[in-house]
Amino acid sequence: MKAQHARMGNFKAAMIALGEAVIRGNKVDAGKHASRLTEALAGYEKDVPHKNVSRIKEFQAFYGEMKKRAVKLAADAGTGNLRKAALSYGRVLEACVSCHAKFRN
Ligand code: HEC
């Protein structure tokens with residue numbers, strides 16, 4: 001549970017820094033923070049919902065979807081294509097919000 005909470009803080013820090021890098025047009029930082037986001041996912045398979053606890057499959061499916069989108073974002077940011085990265089960023093953010101809508105207190 002502690003790891004899960006720390007994970008959310010890491011997600012947030014990476015997303016904010018990444019958004020800023022994209023806005024500034026800093027490709028190096030964008031790549032760095034996109035990698036940081038995917039790294040922050042490590043171990044998510046052990047996380048469990050605190051709310052709607054019986055719906056763990058659905059909860060994990062949100063993580064799975066977020067991971068797919070984060071990998072795409074890291075690839076786009078890694079190649080320095082900030083337009084693509086901006087679109088991928090939005091797709092990741094949508095995954096965050098979708099899970100929060102169902103599972104966040
Ligand atoms: C699989 C579901 C899921 C996904 C995906 C998810 N979150 Fe969360 N998030 C939660 C839950 C549940 C909480 C409330 C409990 C907690 O803090 O662990 C939460 C809480 C948070 C919090 C508040 C933490 C605090 O200090 O109170 C932040 C910030 C956050 N998430 C950011 C993000 C960001 C950014 C993303 C996407 C990059 C994301 N989350 C993706 C489930 C998810």
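Author: We shall discuss the iron site, the pocket, the aromatic rings and a loop residue in turn. This is a predicted model, in which local features need pLDDT of at least 70 and side-chain atom pairs count only at pLDDT 80 or more, while totals for chains, interfaces and linings use all residues. Residues are numbered from 1 along each chain as its sequence is written, and side-chain values use heavy atoms, with hydrogens and water left out.

Reader: Which residues coordinate the iron atom of the ligand?

Author: M8, through SD, and H100, through NE2, coordinate the iron atom at 2.1 to 2.3 Å. Donors are N, O and S atoms within 2.8 Å of the metal (3.2 Å for Na, K and Ca); water is not among the atoms, so sites may look incomplete.

Reader: And what is the geometry of that site?

Author: The site is octahedral, with angles of 88 to 178° among its 6 donor atoms. Six donors count as octahedral if opposite donors are over 155 degrees apart and all others between 65 and 115.

Reader: Where do M8 and H100 lie in the chain?

Author: M8 belongs to helix α1 (residues 2-24) and H100 to helix α4, so the pair ties together parts that are 92 residues apart in sequence. Helices here are DSSP runs of H or I with at least four residues, numbered from the N terminus.

Reader: Turning to the largest pocket, how much space lies in it?

Author: The largest pocket holds about 620 Å³ of space. A pocket is an open set of points on a 1 Å grid over the protein atoms alone, where a 1.4 Å probe fits, with protein on both sides within 12 Å along at least five of seven lines; lining residues have an atom within 4 Å of a point.

Reader: Which residues are closest to its centre?

Author: Of the 21 lining residues, Q4, M8, F11, H100 and R104 are the closest to the centre. Helices α1, α3 and α4 each give two or more residues to the lining.

Reader: What about the aromatic pairs: how many does the structure hold?

Author: There are 4 aromatic pairs. One of them joins F59 and F103 edge-to-face, at 5.1 Å centre to centre and with 80° between the planes. Rings of Phe, Tyr and Trp (its six-membered ring) pair if their centres lie within 6.5 Å; planes under 30 degrees apart count as stacked, over 60 as edge-to-face and the rest as tilted.

Reader: How many residues apart are F59 and F103?

Author: They are 44 residues apart, with F59 in helix α3 (residues 56-78) and F103 in helix α4 (residues 82-103). Both F59 and F103 are buried. F62 also pairs edge-to-face with F103, at 6.1 Å centre to centre and 75° between the planes.

Reader: Which residues form the aromatic cluster?

Author: Y44, F59, F62, Y63 and F103 form one aromatic cluster.

Reader: Finally, where is N52 placed?

Author: N52 is in the loop between α2 and α3. Its phi is near 50°, a positive value in a residue other than glycine. N52 is partly exposed, with a relative accessible area of 31%.

Methods: Buried < 20%, exposed > 50% of the residue type's maximum accessible area, 1.4 Å probe, protein only. Tetrahedral: all angles 85-135°; square planar, octahedral: opposite > 155°, others 65-115°. Points joined across faces, edges and corners; volume = space filled by probe spheres on them.
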